[in-house]
Amino acid sequence: MVRNPDPKPGRWILPLVVLGMVFFTWAFVQRLEPEVIADDAPISTTTTVAESEGGEGETGSAEETPDETTATTLPADLAAFLTDIVADQEALAVLATEMDTANAAWDNDEAGYGETETSLLELRDEAAVFRDTVVLRQAPAGYTDIASAFEDAVNAAEGVAGSAEDVLAGLRAPDTGQARRSALLEFRSAAEAFNQAVAAMELAAEGAAG
C-alpha cells in the first residue's frame with residue numbers, strides 16, 4: 001500500500017481561495033480607481049472677501065462684501081411721523097384721482113347731475129377728513145426744516161378741503177361751469193403743494209439722519 005505523502009491534502013484549498021479573493025478584490029479596485037479619484041477631486045469655490053481701505057482683500061477673511069448702499073436709521077418718532085405723512089399723501093392721491101374722474105364724467109356727459117353731485121359731496125367730506133387728519137399730526141421737536149415743511153403741508157391740506165368745497169359749489173352754480181373748473185384747478189394746485197411739502201420733509205429727514 002502506497003502511503004499518501006500529505007496526510008491533509010485539503011489544507012491548501014483555503015489559502016488558494018483567500019489568494020483568489022485578494023486578487024479579485026485588487027482587480028475590482030483597479031477598475032474603480034479613476035471614478036473614485038474623480039469623486040474625491042477638490043471643488044473650486046470663489047469666496048468674496050470684503051475689501052480693506054486700501055482696496056485689496058485680506059487672504060483668509062470670511063467677511064462678506066458690504067452692500068453698496070448704506071441704510072440710514074431715523075429716530076423712532078421721526079420715522080413714525082414720516083410714515084403717517086406718506087400715508088396721508090397716498091390718501092390724497094386717491095382723492096385727487098376720484099375728483100378728476102367725477103368732473104371728467106360730468107364734462108363729457110357720461111354722468112348726470114344727480115350722480116355728479118353725490119360724488120362731489122362724498123369727495124368734499126373725504127377732503128375734510130384728510131385735512132383734519134393732517135392738522136392733527138405733530139411734527140417731532142428739534143427739526144426746524146421738517147417743522148417748516150409740515151406747516152406748508154397743513155396749509156396745502158386746508159387748500160385741498162376748501163377747493164373741494166368750491167368744486168361742489170361750482171357744480172351748483174348757475175354759470176356754464178367756470179366756477180367749478182376754477183375750483184378744480186385750485187384743488188390740483190393744493191394737492192401738488194402737499195406733495196412738494198412731503199418731499200421737503202423727506203429730504204430734511206435724510207439730512208437729519210446723515
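Predicted model: local features only at pLDDT ≥ 70, side-chain atom pairs only at ≥ 80, totals over all residues.
Two aromatic rings of Phe, Tyr or Trp are taken as a pair if their centres lie within 6.5 Å, and planes over 60 degrees apart make the pair edge-to-face. Two of them are followed below, after an outline of the chain.

The secondary structure consists of five helices and zero strands, giving the pattern α-α-α-α-α along the sequence. The chain has 210 residues, of which 25% are buried. Among contacts with a separation of 6 or more, 71% join residues 24 or more positions apart. The accessible surface amounts to about 14,600 Å², and carbon and sulfur atoms account for 56% of that area.

In soluble globular proteins, nonpolar side chains tend to be buried together. Here the largest nonpolar core holds 39 residues, and those touching the most other members are Met99, Leu120, Ile146, Val160, Phe194 and Met201. Helices α2 (76-107), α3 (113-135), α4 and α5 (178-209) each contribute at least two residues to this core. The most comes from α4, which supplies 13 residues. One of the residues with the most core neighbours, Ile146, is in contact with Leu78, Phe81, Met201, Ala204 and Ala205, leaving aside residues up to four places away in sequence.

Phe81 also takes part in an aromatic pair. Because Phe81 belongs to helix α2 and Phe150 to helix α4, the pair ties together parts of the chain that are 69 residues apart in sequence. Both Phe81 and Phe150 are buried.

A further pair is formed by Phe130 and Phe194, with ring centres 5.1 Å apart and planes at 70°; this pair is therefore edge-to-face as well. Phe130 lies in helix α3 and Phe194 in helix α5, so that distant parts of the chain, 64 residues apart, are linked. Phe130 has a relative accessible area of 6% and is thus buried, and Phe194, at 0%, is buried too. Phe194 is also among the residues that touch the most other members of the largest nonpolar core.

Beyond residues up to four places away in sequence, Ser163 touches Ala183, Glu186 and Phe187.

Definitions and conventions: Residues numbered from 1 in each chain as written. Heavy atoms only, no water. Contact = heavy atoms within 4.5 Å. Core = buried A, V, L, I, M, F, W, Y, C linked by side-chain atoms within 4.5 Å. Buried < 20%, exposed > 50% of the residue type's maximum accessible area, 1.4 Å probe, protein only. Helix = DSSP H or I, 4+ residues; strand = E, 2+ residues; numbered from the N terminus. Phe/Tyr/Trp six-rings, centres within 6.5 Å; stacked < 30°, edge-to-face > 60°. Areas by Shrake-Rupley, 256 points an atom, 1.4 Å probe, with all protein chains shown as cover.
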